[in-house]
Structure formats: C-alpha cells, structure tokens
Amino acid sequence: MFKKAVEAKSHQRLSGADRKKLKRNLRDKFPRASDADLDVLLPPKAEITVAKFQNRVQVYGIEGGLPMVFDIDGRGTEIYPTVFALWKVPELLPSFMLKGGEVSRYIIGGADLMFPGISIPVEGLPSFLAGEPWAVKVPGNPAPIAVGATTMSSTEALKAGLRGKALRITHYYRDFLWESVEGHYVPNTGFLEDVVFEDPVLVSSSQGLDSCEDAADASEDPENNIKNEEEGESEPNTVSTTEIDAKSGMAEEAIANVGDIKLEDDASANETNVEEPLALSVEDVDAYLDKCLLQALHTTVKDKDLPMPGSTLWSNHVLPCRPSNVTLDIKKSSHKKLSKWLQAKASVGLIAVKEDKHKKEVVLFSVNRNHPDYLSFKPEIRKVEKSDQVGDHATSENRSQKMLEVTEIYKPSVHVNPIFASVGADGGRLYSASEASEIVFKYVEKENLVKPTNKSIVVLDPTLCDALFKGAIKKGSAYPTEIHKKDLGSAFIGRMQAHHVVTRGTDSVVRKGAIKTIQIMTERRQGNKKVTRVSGTETFLIDAEPLASELQKKFACSTSVAELPA
C-alpha cells in the first residue's frame with residue numbers, strides 16, 4: 001500500500017462528529033482494544049487530522065505527531081493501525097510470529113507473509129477468518145514490524161497444508177508511510193526522547209528491530225546473504241542470550257547518559273552566553289501572554305481591522321508587545337497551542353473567536369472592551385524617539401487624508417417632484433436617504449394622511465399614490481390606497497434617481513447610478529496556474545499602479561496592470 005511515494009492531496013482536521021465516528025469504527029474493527037487503548041491512539045485533547053491520498057487511502061494521525069490508523073478505501077471498511085500505533089499498543093491486533101530475523105528482511109522489503117515463514121505455536125495454528133487484520137512480530141521483540149490482512153481462514157490454511165500466502169501486507173516498517181514521519185521514528189531509538197523513555201514497551205524492544213535492520217543491511221550484499229542462509233540452516237539462532245543482555249545493557253546505559261550529555265551542553269551554553277532570555281515557568285508564560293494580549297488590544301488592535309486571523313494577531317500584535325528580554329513560546333504555556341489560548345480567552349468573554357475550518361485557523365472577530373480585565377489593565381507607554389514620533393504623525397496624517405468615504409445620495413425624479421414642490425424643498429439638489437425620508441413624512445404630516453384608527457398606516461392621496469406607484473402598477477391592476485410607515489421611506493427613495501459620492505482625502509466625485517463594486521475573480525492559465533483579476537478600483541479613486549505595487553509586496557506575488565476592453 002505504501003511501497004511507492006504518494007503525496008497527500010489534502011490535509012484536514014477532524015470535526016467532533018467525525019472523530020466520534022472514527023472511534024466507533026476502531027472499536028468495531030479492533031475488539032481487543034479498550035477505551036484506554038483508543039485514548040492512547042487518539043488522545044481526547046489532541047487535534048486529529050486526516051490526510052487524503054490520490055489512491056483513496058486516508059491516513060488519520062495526531063496533529064504534529066504520528067500517523068495512527070489508515071483507511072484503504074476511504075469508506076471505513078478496511079481500517080488498519082500503523083506500526084506507530086502498534087508500538088504504543090502492541091496487543092491491539094493478534095500477531096503472527098516469524099521464524100527468525102532471516103524472514104523479516106523480506107517483510108520490511110515489501111513482500112507478503114507466507115505460511116512457511118510463520119512460527120506455529122505448540123498449541124497449533126490460531127483461529128482466524130479471511131480478511132482479518134493481523135500484525136507481524138519477530139522473536140524477542142513485542143513491537144510489531146508490519147500489519148496486513150489474512151488471505152484465507154485458518155481452516156483453509158490447514159487444508160492447504162500451511163502453504164501459500166498467509167498475510168497480504170498493507171504497511172510495514174521502513175515503507176513510505178514510515179519514511180513520511182520526520183525523524184524516522186523507531187521504537188528502540190526514536191526521534192522523540194519523551195516517547196521513547198516514557199513507554200517501557202518501546203524502551204525494552206531494542207533487539208527485534210535491530211535484527212530487522214541487520215537483516216535488511218545484509219540483504220544488500222548477495223554474497224553475505226548466501227553465507228548467512230547457509231549458516232542459518234546449521235545454526236538457526238546465532239544470537240546468544242548473553243549478547244542480547246549485553247545489548248540491552250548498553251542501550252539502557254546510553255539512554256541514561258543522554259540526559260547527562262544534554263545537561264552539560266546546557267551548562268556550557270549558560271557559561272558562554274552572557275545575555276540570555278529569562279527562564280520562564282509555565283505560569284510566567286501564561287501571565288506574559290495575557291499581559292501582551294491586553295497591551296495589544298489597547299494599543300494596536302482596532303475594531304476596523306477585525307476580523308483578524310489568529311496568526312496575524314500573534315505575529316503582528318502580541319509578540320511586538322513582549323519585553324525585550326522575554327521570549328514567548330506558546331508551546332511552553334499551559335495552552336500549548338495558539339488556538340487553545342485564544343479559545344480560553346473567548347470563554348471568559350474578553351474576545352470572540354471562530355474557527356475557520358477551511359484555513360484551519362482561529363479568527364478573532366470582536367473585542368469586549370467593557371470586560372473587567374480590559375478596563376482594569378493600564379497599557380504601558382512605550383518610549384519612542386522624537387524622529388519616529390514625527391514620522392508616525394506624518395503617516396497618520398497621510399492616512400487620514402487618504403481615508404475613503406462612500407455615500408449614497410438621491411436626486412428627485414419627475415415622479416416625486418410634486419412632493420418636493422408641495423413641502424417647498426429644492427427639487428434640483430441631492431439628498432441622502434434620511435433627508436429624502438424626512439421629505440415624504442413631512443408631506444404626510446402636512447396633508448394629515450395618517451390613518452386615525454391605525455397610526456402605523458398612511459392613507460395615499462392621489463399625489464402621493466402617483467409619486468409611489470405611477471408607471472409601476474400593471475394596467476388593469478388596482479392602485480393601493482394605503483401603505484405602512486416602515487415601507488413608505490424605502491418606496492419613496494426607490495422612485496428617486498440613485499447617485500453616489502466618493503471622497504478620498506481632498507478628492508471627491510459624484511456619479512450617477514448605484515455604486516459599482518470591485519470585481520475580483522480567478523482565472524486558470526497554463527494548466528494549474530491561477531491568476532486573480534481585480535477591476536473597478538477606479539470607482540473608489542484608487543489608482544491601479546500604486547495598488548498593484550502594494551499588493552505585490554503584501555502577497556509576495558507578481559502583479560501587472562492592463563487596460564480593460566472598451
């Protein structure tokens with residue numbers, strides 16, 4: 001299944017419902033697993049991700065950790081644990097024991113398991129059905145080296161004289177799924193010290209996979225293979241018990257010395273580095289995180305900038321607020337993740353966040369500036385050089401001069417001109433929506449058109465009825481005689497000519513018609529290359545050339561400006 005390198009086409013986080021569904025499937029597929037075993041494979045507080053491959057295989061794992069199970073067809077009918085999962089829970093699956101290390105080199109080379117390579121126990125062949133998931137182990141090592149599905153039942157195997165293929169291997173130690181894990185984790189040495197040292201099963205399993213690696217290395221030399229096979233016939237087990245004990249003793253000594261070496265390096269580093277960041281405890285990191293967040297919310301995070309991605313909040317606002325001698329690492333806090341920290345702040349009501357499932361990121365939506373923590377915090381005033389203050393003041397003035405303002409305005413049309421003339425309003429000027437509504441309600445008050453029995457209803461006289469509905473009612477249909485107050489203003493504005501005024505700094509322009517939005521679309525060019533086209537910026541007095549230059553810097557992409565057709 002993973003003999004060849006296949007790139008994942010997508011990576012997604014599992015939702016709560018999908019996570020529960022996956023656990024139910026694992027409980028059904030692996031009846032030997034307890035709830036504690038499933039929690040070891042899929043920790044309740046860890047984020048679970050699924051990687052989808054082009055061959056329909058789906059691999060489930062811990063985010064930032066190890067892949068644990070994989071689904072061959074993507075439908076949940078053929079689910080198998082990875083060797084990483086079996087190293088954590090060795091008894092998750094029933095297992096076949098190999099006759100010796102000379103057989104294991106074929107398994108970790110990608111071959112299926114044959115019945116002649118299985119060591120049959122004294123009590124006889126265990127009972128199994130066709131298509132069941134089984135693991136493969138080597139003598140003296142509780143950590144499995146492969147996993148697969150049985151090709152026939154135990155009854156059929158006995159009828160065939162224990163000949164033929166026993167297990168169709170779907171995943172094995174040293175295949176491309178194992179290679180995809182950064183650091184090439186193995187149970188006897190590993191790449192994560194805490195994983196190796198905390199799991200006694202993995203620490204004690206130092207002999208079996210060494211024999212697999214020795215056999216695999218030996219398989220690269222044909223002459224050595226022939227010699228080893230000849231020796232294997234006369235001496236099946238060339239590794240003595242004393243050698244195994246010596247190896248395990250050396251491994252334990254090496255493990256014990258690792259911490260000492262690391263401490264010596266840390267001590268030497270402390271002696272050489274005079275200026276070093278403060279050593280912070282978990283409580284100190286949490287306190288600095290809260291302080292920097294409140295400082296950022298007071299000083300740099302504005303409501304107009306929201307919603308804001310959590311990564312932007314962290315890098316552009318929170319980190320710049322930390323003291324110069326403090327290094328903030330979210331992983332060293334009690335929250336461990338940026339998303340967990342922001343959600344904790346949202347749970348106390350300081351901020352409001354929401355998770356973007358597509359970008360897999362928490363987004364800051366609003367800030368509760370009436371929260372007690374926000375009100376009680378006094379932001380620090382950072383000392384800034386005078387030249388910087390002058391530059392910042394000039395920049396703020398420049399920004400204020402370039403502030404964009406768009407207003408919808410309306411001009412009286414021939415339909416509503418009698419209403420304006422009746423109340424003495426100028427029919428040649430432009431009105432805002434509120435001003436136009438005031439005109440029509442002034443006319444209603446002047447003509448006393450409010451229905452006496454229902455103050456929310458306006459009775460239509462001929463002048464007002466023509467202004468609102470003349471030409472809009474189909475021939476043969478009756479004109480309405482009254483209208484609700486809440487609909488009067490919008491109906492009156494709808495009969496006027498729409499205009500809009502755009503103001504940017506000292507530049508202002510009035511255009512007829514409704515405001516035209518900026519058009520943003522993507523086009524596919526030359527295969528899978530995509531181009532984003534932006535048009536209509538001139539409506540908002542934005543010059544295309546400076547905008548293209550800014551977008552080129554902001555998004556680190558190439559930009560070009562072209563004239564639109566016609």
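# Notebook: a first walk through the chain

**Entry 1, the whole chain.** I began with the surface: the chain exposes about 34200 Å², and carbon and sulfur atoms supply 52% of that area. I am working with a predicted model, so I keep in mind that side-chain atom pairs count only at pLDDT 80 or more. I then looked up burial and found that 33% of the 566 residues are buried. The chain holds 21 helices and 21 strands. I also looked at contacts between residues at least 6 apart in sequence, and 55% of these join residues at least 24 apart.

**Entry 2, the five-stranded sheet.** In what order do the five strands of the open sheet run? I read β1-β2-β3-β4-β5, with antiparallel pairing. At the edges I found β1 (8-13) and β5 (79-81), each pairing on one side only. Neighbouring strands here are turned by 20° against each other on average, with direction ignored. I reminded myself that strands of a sheet pair through backbone hydrogen bonds.

I picked one pairing to follow by eye. Strand β3 (residues 58-62) meets strand β4 (residues 67-71) in the antiparallel sense over four bridges. Within it, I located Y60 and found its bridge partner in β4, V69. Helix α1 (residues 16-29) packs on this sheet, where I saw it touching β2 (48-53), β3, β4 and β5. The direction of α1 makes about 80° with that of β5.

I searched the whole structure for aromatic pairs and got 11. I looked up F2 with F70: the ring centres are 5.3 Å apart and the planes stand at 85°, so I noted the pair as edge-to-face. F2 lies in the segment before β1 while F70 belongs to strand β4, so the pair ties together parts 68 residues apart in sequence. Both F2 and F70 are buried.

I checked β11 against strand β13 (residues 361-367) and counted two bridges, in the antiparallel sense. There, P309 stands opposite V363 in β13.

Where does K291 sit? I found K291 in helix α12 (residues 282-299). Its relative accessibility is 36%, so K291 counts as partly exposed. Leaving out residues up to four places away in sequence, I noted that K291 touches F377 and E380. I then looked up K378: K291 and K378 are 87 residues apart in sequence, and their C-alpha atoms are 9.9 Å apart in space.

Key
Residues numbered from 1 in each chain as written. Predicted model: local features only at pLDDT ≥ 70, side-chain atom pairs only at ≥ 80, totals over all residues. Heavy atoms only, no water. Pairing = 2+ DSSP bridges. Axes fitted to C-alpha atoms, helices over the stretch in contact; angles between N-to-C directions. Contact = heavy atoms within 4.5 Å. Phe/Tyr/Trp six-rings, centres within 6.5 Å; stacked < 30°, edge-to-face > 60°. Buried < 20%, exposed > 50% of the residue type's maximum accessible area, 1.4 Å probe, protein only. Areas by Shrake-Rupley, 256 points an atom, 1.4 Å probe, with all protein chains shown as cover.
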